[in-house]
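Subject: Structure handover

Hi,

Here is the structure you asked about. Please open it alongside this note.

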Amino acid sequence: MEKVVSLCKRRGFVFPGSEIYGGLANTWDYGPYGVELKNNVKRAWWKKFVHDREDIVGLDASILMNPRVWEASGHVASFSDPLMDCRHCKERVRGDKMIEQKLGVEAAVGKTLKEISDIIHREKIPCPKCGKCDFTEARSFNLMFRTHQGVVEESSALVYLRPETAQGIFVNFKNVLATTRKKVPFGIAQIGKAFRNEITPGNFTFRTREFEQMEIEYFIKTGTGVEHFEKWKADCWSFFTEFGIKKDKLRFREHDAKELSHYSKMTVDIEYEFPFGWGELFGLAHRGTYDLTQHSKFSGEEMNYFDAETNEKYVPEVIEPSFGMDRSVLTFLLDAYDEDEVGGEGRVVMRFHKDLAPIKVAILPLVKNKEIITGKAREVFEMVKKRYSAEYDEAGSIGKRYRRQDEIGTPFCVTIDFDTLEKDDSVTVRDRDTTKQERVKISKLLDLLSEKL
Ligand code: GAP
């Protein structure tokens with residue numbers, strides 16, 4: 001993890017947030033390569049789950065919503081974690097997570113606040129900061145961020161920053177249905193920010209208070225949940241493996257009944273083996289009719305679907321695949337990191353899938369002080385960048401420039417040398433993974449790149 005965090009800072013993937021002011025705990029800013037990687041992950045996801053399918057459409061709803069939404073969804077009443085304070089050093093901890101780390105998930109799930117306090121004191125689970133076991137009783141801490149809308153800070157103007165993107169989809173169910181005339185089963189997809197006032201954020205971008213989600217609410221006919229759930233399990237798994245995540249680093253984990261969220265009938269996570277252990281990367285939940293029924297009750301609007309073929313009117317059930325965008329990016333970063341040797345020298349190489357790599361092609365003139373070479377290289381750059389995200393780099397030895405591109409995971413480097421001008425009008429194309437080089441005529445370069453990319 002330290003190596004990836006340091007590479008992210010050094011090469012402009014991820015910077016600590018508000019750094020010149022000493023930072024703000026657990027906030028991170030995506031730099032020039034980070035934002036490209038992140039956009040590529042979102043694009044790949046949108047293509048797979050929206051554009052390549054006929055049954056899913058997109059949405060981009062507001063972060064601020066009517067506060068009644070969160071009463072209806074159950075977040076005001078139930079979206080909380082057990083908070084405990086260390087009396088000795090004042091560290092704030094999540095009781096259930098402390099038990100999970102010491103005794104395993106089974107010991108932590110479904111416990112009441114009293115049971116959590118009892119286990120921690122009985123097992124003498126120490127404070128992660130000072131090592132003492134002297135905590136206040138566990139109390140419920142709601143994770144929603146609150147703010148005020150408008151100029152008056154009074155309770156009537158209280159609004160929440162959304163803790164999940166899902167509710168923006170549920171409240172637009174009827175709008176989307178009316179405008180797209182989709183038939184069940186169909187889904188609505190959304191990518192956007194969510195906010196949770198996590199008690200213990202950490203592990204780089206794994207758990208933060210501001211993050212992005214990529215979620216789908218998939219509306220289905222009553223009673224077909226298990227069949228759709230299984231299909232979604234396979235589709236979501238393949239999103240990660242198609243884009244290069246090693247299969248032996250992924251696993252499914254089913255939630256047992258006590259662990260289920262307030263809205264879920266059935267949940268399975270995809271976990272990744274992070275450097276700090278297995279952690280949730282993605283969650284698939286069978287939400288039943290919970291959300292549409294609740295919104296119907298609280299808003300007074302019917303949330304039904306009318307099946308014209310059977311003349312039936314019903315509230316559809318929902319299967320929800322929920323991806324953490326930042327966690328996916330972190331996983332792609334960690335999984336791509338590799339060290340090997342080239343010509344007897346060590347190198348760091350980010351083996352990103354070509355669709356995710358921030359820069360696809362680097363154009364490198366062999367020398368920077370010969371106008372004739374750099375001029376030709378610029379011509380090639382102008383041609384390539386119209387089709388691919390490309391970078392022109394003339395600073396430093398060619399070996400150093402290759403290393404730099406390896407570190408940001410650029411699949412191909414194109415070198416312009418004296419032979420290009422004097423002999424064959426060809427360039428050298430170097431493959432990031434094999435480091436093999438081949439010569440190709442400039443007139444055929446785009447064909448070769450499009451074949452490879
Ligand atoms: N709508 C369902 C839902 O929000 P969740 O399991 O709470 O379910 C879904 O969150 C995904 O969002 C997680 O699998 C994770 O990838 C991501 N996520 C949740 N909390 C996060 C946080 N504090 N920081 C980064 N990602 C988070």
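Predicted model: local features only at pLDDT ≥ 70, side-chain atom pairs only at ≥ 80, totals over all residues.

**The seven-stranded sheet**

Seven strands make an open sheet with mixed pairing. Their order is β3-β9-β10-β16-β13-β12-β11. The edges are β3 (56-59) and β11 (250-254). Each has a single partner strand, so one side of each has no neighbour in the sheet. On average, neighbouring strands here are turned by 25° against each other, direction ignored.

Look at β9 (residues 186-195) and β10 (residues 210-220). They pair antiparallel over ten bridges. For a landmark, find I188, which sits opposite E217 in β10.

Helix α10 packs on this sheet. It touches β3, β10, β11, β12 (266-274), β13 (277-288) and β16 (317-324). The direction of α10 makes about 15° with that of β16.

**The helix pair**

Helix α10 (residues 225-242) also meets helix α2 (residues 32-51). Their axes come within 11 Å and cross at roughly 145°. The crossing is right-handed. From α2, the contact uses V41, A44, W45, K48 and F49. From α10, it uses W232, D235, C236, S238, F239 and E242. By class, that is seven nonpolar, one polar and three charged residues.

**The three-stranded sheet**

A second open sheet has three strands, in the order β5-β4-β6, with antiparallel pairing. The edge strands are β5 (92-94) and β6 (139-142), and each pairs on one side only. Neighbouring strands in this sheet are turned by 50° against each other on average, direction ignored.

Strand β4 (residues 80-85) pairs with β6 over four bridges. Within that pairing, S80 has N142 of β6 as its bridge partner.

Two helices lie across these strands. Helix α5 (residues 95-103) lies across β4 and β5, at about 65° to β5. Helix α7 (residues 113-122) lies across β4 and β6, at about 40° to β4.

**The ligand**

- T208: a polar backbone atom is 2.8 Å from a nitrogen atom of the ligand.
- G324: a polar backbone atom is 3.2 Å from an oxygen atom of the ligand.
- F206: a backbone N or O atom lies 3.4 Å from a nitrogen atom of the ligand.

Best wishes

Key
Residues numbered from 1 in each chain as written. Heavy atoms only, no water. Pairing = 2+ DSSP bridges. Axes fitted to C-alpha atoms, helices over the stretch in contact; angles between N-to-C directions. Contact = heavy atoms within 4.5 Å. Left-handed = near helix turned anticlockwise from the far one by under 90°. Nonpolar A, V, L, I, M, F, W, Y, C, P; charged D, E, K, R; others polar. Polar contact = N/O pair within 3.5 Å; in protein donor to acceptor, adjacent residues only side chain to side chain.
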